[in-house]
Protein chains: 4
Amino acid sequence: MTTLGLAQANAIIDAAFARAGELGLKPLGVAVLDAGGHLIAYQRQDGASFLRLQVASGKAYGALGMGAGSRWLQGVAIDRPHFAAALSVASGGKVVPVAGGALVRTREGGILGAVGISGDTADNDEACAIAGIEAAGFVGDGG
Amino acid sequence: MTTLGLAQANAIIDAAFARAGELGLKPLGVAVLDAGGHLIAYQRQDGASFLRLQVASGKAYGALGMGAGSRWLQGVAIDRPHFAAALSVASGGKVVPVAGGALVRTREGGILGAVGISGDTADNDEACAIAGIEAAGFVGDGG
Amino acid sequence: MTTLGLAQANAIIDAAFARAGELGLKPLGVAVLDAGGHLIAYQRQDGASFLRLQVASGKAYGALGMGAGSRWLQGVAIDRPHFAAALSVASGGKVVPVAGGALVRTREGGILGAVGISGDTADNDEACAIAGIEAAGFVGDGG
Amino acid sequence: MTTLGLAQANAIIDAAFARAGELGLKPLGVAVLDAGGHLIAYQRQDGASFLRLQVASGKAYGALGMGAGSRWLQGVAIDRPHFAAALSVASGGKVVPVAGGALVRTREGGILGAVGISGDTADNDEACAIAGIEAAGFVGDGG
């Protein structure tokens with residue numbers, strides 16, 4: 001599978017929600033972005049608060065923008081907060097440097113897009129992102 | 001049905017795409033917003049360009065913000081372009097005064113959210129929004 | 001009365017709503033700004049949509065910023081739309097050039113603040129703004 | 001009481017000011033937002049400075065956007081300053097991660113809106129927010 005279209009994005013979201021259900025997580029927002037950082041699909045579970053969109057998209061956008069899962073950006077933010085702050089402003093607020101944004105990679109390593117999740121802990125958000133990506137036949141890269 | 005949650009939002013999107021398929025329309029982006037103007041679900045069909053999100057959401061957001069389907073705002077924009085321009089800037093670009101954004105109303109007239117569609121003509125976009133809303137058991141109000 | 005404080009602002013809003021009730025208007029948002037353009041008080045009636053804040057405040061802000069009731073700015077917008085558009089952007093979206101924003105003046109003509117109303121027609125909005133201002137012992141200047 | 005309308009919002013503000021008077025606090029700005037983060041009512045006491053609106057609203061907006069009272073966001077800001085900074089920018093400056101923003105909950109835990117207060121210490125601001133919410137028959141959740 002080397003294309004990330006709407007069918008694949010919906011499959012990723014379904015599988016991410018399924019994993020969240022197994023883990024008993026809080027309600028989530030899940031965003032799937034194409035390689036250009038633009039939203040293909042978003043779903044927010046009932047009870048999830050409204051800034052989940054900005055956080056989930058911001059994790060995925062930052063991952064794509066820097067070419068690494070957002071856990072890498074989280075490390076940057078801890079080690080060099082001035083850099084993360086500058087990226088946030090430079091991107092017009094579109095980067096959120098917190099784990100939970102995973103690149104959607106082909107088996108060969110190419111980047112097709114990214115998935116960002118927000119609603120539970122960053123670790124759990126990331127686990128669901130990767131579960132969703134893998135279920136759809138891609139390789140998930142959390143950073 | 002008096003709640004607009006994720007299940008209803010997904011049903012609206014599915015029905016809107018089904019109608020678009022029957023009509024042979026171009027690829028669409030469909031956004032479903034809650035009553036506060038926040039995204040519940042978004043899906044962009046393969047081949048639809050990336051600003052469809054901003055246009056579709058902007059139609060729905062303007063409808064909710066002014067309490068009338070976006071066809072009403074389209075009329076304002078033609079009659080009083082200065083007002084529409086000011087609303088666009090005042091809302092931080094979140095209002096797009098073009099038909100294709102329909103309020104999701106209960107049978108009693110209450111506003112539960114809005115659906116915005118972009119990708120084909122404004123009239124066709126609106127027709128699909130209303131078809132989706134009606135299929136999910138609500139009343140669509142295009143303005 | 002030469003001070004526009006919270007007590008006066010609340011009195012203005014109460015009287016504006018009373019007049020709207022007599023006239024049978026749609027639900028309104030009423031904003032009272034001090035001479036520096038900052039909100040003293042705002043009340044949004046049940047059923048009024050959420051962008052009423054931006055429109056009501058924008059009428060009052062434009063009135064203060066240009067030193068004339070927003071009906072004057074509405075004339076500018078019709079005669080010189082480029083000027084109104086530039087003001088909208090220059091103010092960061094804080095100016096809405098539509099009637100319904102009235103200066104709160106002393107008997108001597110001094111400007112203490114402004115009242116902006118949105119929800120019904122611009123003419124009715126303005127009538128309620130002036131009714132509220134007059135009821136509180138000031139002179140209303142719609143432009 | 002399961003509706004947060006203008007009458008309830010005004011009751012909350014009155015009770016918050018009453019509590020502030022008993023405690024001898026500095027002049028306050030009090031913002032009441034609906035569940036979508038939009039202002040229902042705002043009052044700024046004489047002598048309170050003008051950015052109280054942005055701070056009070058920002059506390060309430062952040063609480064709603066993340067689904068927890070703003071004391072929780074204050075903890076995030078101390079533990080993970082990069083996340084709080086990114087949220088501030090991602091929301092267009094609408095999130096202020098400081099205690100004093102309390103969710104307005106029903107007895108069953110549903111979220112109807114939020115109250116944000118600014119003017120005294122964050123702890124005192126929060127105490128008045130909760131006092132106002134409780135006086136109006138709701139449950140206040142400071143985070």
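Modeller: Gladly! Let us begin with A:Arg71, A:Asp123 and A:Glu126, which are linked in a network of salt bridges. This is a predicted model, in which local features need pLDDT of at least 70 and side-chain atom pairs count only at pLDDT 80 or more, while totals for chains, interfaces and linings use all residues. Residues are numbered from 1 along each chain as its sequence is written, chains are lettered from A and ligands numbered from 1 in the order in which they are written, and side-chain values use heavy atoms, with hydrogens and water left out.

Biologist: What parts of the chain does the pair link?

Modeller: C:Arg71 is in helix α3 (residues 70-79) of chain C and C:Asp123 is in helix α5 (residues 122-135), 52 residues apart. Helices (H or I, at least four residues) and strands (E, at least two) are DSSP runs, numbered from the N terminus.

Biologist: What makes C:Arg71 count as partly exposed?

Modeller: Buried means under 20% relative accessible area, exposed means over 50%, and partly exposed is in between (1.4 Å probe, protein chains only). C:Arg71 has 27%, so it counts as partly exposed. C:Asp123, at 48%, counts as partly exposed.

Biologist: Which residues of chain D meet in a salt bridge?

Modeller: D:Arg71 and D:Asp123 do, at 2.8 Å from N to O. D:Arg71 lies in helix α3 (residues 70-79) of chain D and D:Asp123 in helix α5 (residues 122-135), 52 residues apart. D:Arg71 is partly exposed at 28%, and D:Asp123 is partly exposed at 48%.

Biologist: How do you know that the salt bridge of C:Asp141 and C:Arg105 ties together separate parts of the sequence?

Modeller: Their side chains meet at 2.8 Å, N to O. C:Asp141 lies in strand β5 (residues 139-141) of chain C and C:Arg105 in strand β3 (residues 101-105), so the pair ties together parts that are 36 residues apart in sequence. C:Asp141 is partly exposed at 22%, whereas C:Arg105 counts as buried at 19%. Over all chains, a search of the whole structure finds 20 salt bridges.

Biologist: Is C:Arg44 buried or exposed?

Modeller: Its relative accessible area is 8%, under the 20% limit, so C:Arg44 is buried. C:Arg44 sits in strand β2 (residues 39-44) of chain C. Contact means heavy atoms within 4.5 Å, and among the residues that C:Arg44 touches are C:Phe50, D:Leu6 and D:Ile40.

Biologist: Why is the pairing of C:Arg44 with D:Asp34 called a polar contact?

Modeller: A polar contact is a pair of N or O atoms within 3.5 Å; within protein, one must be able to donate a hydrogen and the other to accept it, and residues adjacent in sequence count only if both atoms are side-chain atoms. The two side chains make such a contact at 2.9 Å, so the distance is inside the limit. The backbone oxygen of D:His38 lies 3.4 Å from a polar atom of the C:Arg44 side chain.

Biologist: What makes strand β2 of chain B largely enclosed?

Modeller: Six of the six residues of β2(B) (residues 39-44) are buried, so the strand is largely enclosed by the rest of the structure.

Biologist: How do you know that β1(B) and β2(B) pair?

Modeller: Two strands pair if DSSP finds at least two bridges between them. Five bridges join β1(B) (residues 29-34) to β2(B), so the two strands pair, and they run antiparallel. B:Leu33 stands opposite B:Leu39. These strands form a hairpin with four residues between them, and B:Gly37 in the turn has a positive phi of about 85 degrees.

Biologist: Which strand of chain A is joined to β2(B)?

Modeller: Strand β2 (residues 39-44) of chain A is joined to β2(B) by three bridges, and the two run antiparallel. There, A:Ala41 stands opposite B:Gln43.

Notes:
Salt bridge = Lys/Arg side-chain N within 4 Å of Asp/Glu carboxyl O. Lists of a residue's contacts leave out its neighbours within four places in sequence.
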